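Take a look at the model below.

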Amino acid sequence: MLHMNLIDGQPRAGGEEIANINPSDTSDTLGLYAFAAAADAEAAVQAARAAQPGWWDAGPQARANVLDAVGSALIARKDEIGRMLSREEGKTLAEGIGETLRAGQIFKFFAGEAVRMSGDHLRSLRPGIDVDVGREPVGVVALITPWNFPISIPAWKTAPALAFGNAVILKPAELTPACAHLLGELITAAGAPPGIFNLLMGRGDLLGPALLDHPGVDAVSFTGSVATGRSVAQSAARSLKRLQLEMGGKNPCVVMDDADLDLAVEATANGAFVSTGQRCTASSRIIVQRGIYEQFTERLIARMQKYRVGNALAEETQIGPVVSDRQLQSNLSYVELAKKEGCEVIGGDRLSRDTDGFYQGPAVFLGATNRMRVSREEIFGPCAAILQVDDLDEAIAMANDTEFGLASSIMTSSLRSAQEFKRRSQVGMVNVNLPSAGVDYHVPFGGRKASSYGPREQGRTAVDFYTLWKTAYTFAG
Ligand code: NAD
């Protein structure tokens with residue numbers, strides 16, 4: 001079956017038809033997906049521009065109703081959609097269902113935000129004049145998303161964009177069009193007017209420029225790698241588009257001598273290896289204090305080797321396959337690099353299973369230094385560099401010595417160390433006695449340095465990107 005793009009409420013074929021392959025079993029495909037051409041991007045922009053004013057005028061209740069209905073549908077169908085997600089992206093069934101549930105909760109949260117959208121009424125400094133300060137939608141927003149959270153990232157961009165009266169053009173990752181396509185179906189079924197949500201599946205290097213250079217697109221919210229983010233920023237700057245970038249990480253997890261060992265092992269293993277390490281907030285540098293180093297690494301390796309890697313849909317699987325052959329080859333090349341750079345590598349081999357998929361065992365790189373490429377570049381696989389330090393000051397300096405600044409974590413039973421780390425960690429999201437990965441949707445999400453650019457996503461702060469302030473002065477005479 002051919003799954004089409006969605007433009008102005010109508011299905012639309014594209015230039016190419018691409019098979020969507022299950023990374024757990026390459027003989028299984030989720031169907032054919034129509035990859036859009038530049039002309040389709042033009043049609044999507046026209047449709048979005050035409051529809052957006054009516055969507056804003058429809059008022060907060062109408063928008064809230066649509067978002068609430070999408071949220072309910074995602075939650076009611078979480079098992080079926082979660083299964084599709086796991087088939088498409090390769091995360092375990094429990095994770096696929098959990099992510100779908102999260103996407104549903106995000107839509108419901110922003111249904112409420114649509115209604116709560118507020119402004120200020122003030123007296124002017126000049127006599128007899130009133131001032132109203134209110135928010136208005138930005139207009140048409142292009143949303144460009146990665147493959148690793150194929151339903152929740154489209155959800156956490158689309159929901160606030162629609163809640164605050166914008167029209168959306170979603171460009172999902174090439175590897176995961178099915179989740180975005182399904183989202184389009186749900187938004188249409190929930191009663192969104194044609195043109196309010198448009199879906200353009202296909203190649204980023206083709207559709208990205210078509211959207212970024214288009215004067216009819218007012219804002220771009222992008223999540224993906226730093227390299228792509230930089231080129232998106234350059235294009236957006238040329239046409240002065242409003243811009244939000246969420247990018248990679250090389251997130252540190254510090255383990256202090258006084259950490260609860262059981263908790264530290266579980267949190268670091270979870271942070272590094274769960275979801276096949278394919279989380280932007282994954283712990284990819286584990287910085288361990290010397291006194292606990294031997295005991296901790298021994299326990300971490302034992303825990304890592306217990307993970308059951310396999311077909312995402314099998315009940316016993318705890319770590320699914322890598323998303324694609326390309327990503328797997330990249331991960332394997334980093335395993336080789338770690339050896340060349342002088343690390344002792346435990347794990348990280350390509351694995352074979354009953355079905356032909358992109359399986360890789362989790363890995364630790366022992367004896368790493370923070371200058372090595374494996375400690376500086378985002379690998380985006382189930383691999384963690386293990387580094388050793390003498391004290392908290394050295395741990396914090398090493399944790400901050402990176403171009404990234406997304407998330408961090410510390411495992412300690414000392415309140416003083418926890419407070420010190422929270423204060424000095426140069427990231428957007430810091431965790432104490434928790435994995436570096438794992439976030440809530442009702443609070444700001446994002447990072448610093450090369451990890452993020454522009455206003456924060458999620459929570460109540462999402463409104464800052466998707467709206468513009470207007471100050472109105474009135475003299476009633
Ligand atoms: P990617 O940069 O390869 O692709 C991201 C999106 O950009 C895709 O939709 C792609 O088609 C599109 N794209 C490609 N070229 C483009 C261009 N020239 N112009 C415009 N768009 C273009 O990233 P990926 O491999 O899909 O995802 C993995 C990356 O995403 C990792 O670096 C990860 O850390 C990051 N990520 C970050 C967050 C966060 O919130 N910080 C969350 C999830 C993933």
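## Finding pockets and cavities

Pockets and cavities are found on a 1 Å grid over the protein atoms alone. A pocket is an open set of points with protein on both sides within 12 Å along at least five of seven lines. A cavity is a set of points where a 1.4 Å probe fits but cannot get out. Lining residues have an atom within 4 Å of a point. Grid points are joined across faces, edges and corners, and a volume is the space filled by probe spheres set on the points.

This is a predicted model, in which local features need pLDDT of at least 70 and side-chain atom pairs count only at pLDDT 80 or more, while totals for chains, interfaces and linings use all residues. Residues are numbered from 1 along each chain as its sequence is written, and side-chain values use heavy atoms, with hydrogens and water left out.

## The largest pocket

The largest pocket has a volume of about 1100 Å³. It is lined by 39 residues, and the closest to its centre are Pro146, Trp147, Gly224, Ser225 and Thr228. The lining divides into 18 nonpolar, 14 polar and seven charged residues. Here Ala, Val, Leu, Ile, Met, Phe, Trp, Tyr, Cys and Pro count as nonpolar, Asp, Glu, Lys and Arg as charged, and the others, Gly among them, as polar.

Which elements supply at least two residues each to this lining? They are α5 (152-163), α7, β11, α8 and α11 (325-340). Helices (H or I, at least four residues) and strands (E, at least two) are DSSP runs, numbered from the N terminus.

## The ligand

The ligand sits in the largest pocket, meaning that more than half of its atoms lie within 2 Å of the pocket's grid points. Elements that give two or more residues to the shell around the ligand are α7 (204-212), β11 (219-223) and α8 (226-238). The most come from α7, with four residues.

In total, 29 residues surround the ligand (a heavy atom within 4 Å). The closest are Lys171, Glu174, Ser225, Met247 and Glu378. By class, the shell has 14 nonpolar, ten polar and five charged residues.

Some contacts are polar (N or O atoms within 3.5 Å). A polar side-chain atom of threonine 228 is 2.7 Å from a ligand oxygen atom. A polar backbone atom of glycine 204 is 3.4 Å from an oxygen atom of the ligand. Methionine 247 places a backbone N or O atom 2.7 Å from a ligand nitrogen atom. Alone, the ligand exposes 850 Å², and the protein buries 88% of that (Shrake-Rupley method, 1.4 Å probe).

## The cavities

How many cavities of 30 Å³ or more does the structure hold? There are two.

How values were computed
Polar contact = N/O pair within 3.5 Å; in protein donor to acceptor, adjacent residues only side chain to side chain.
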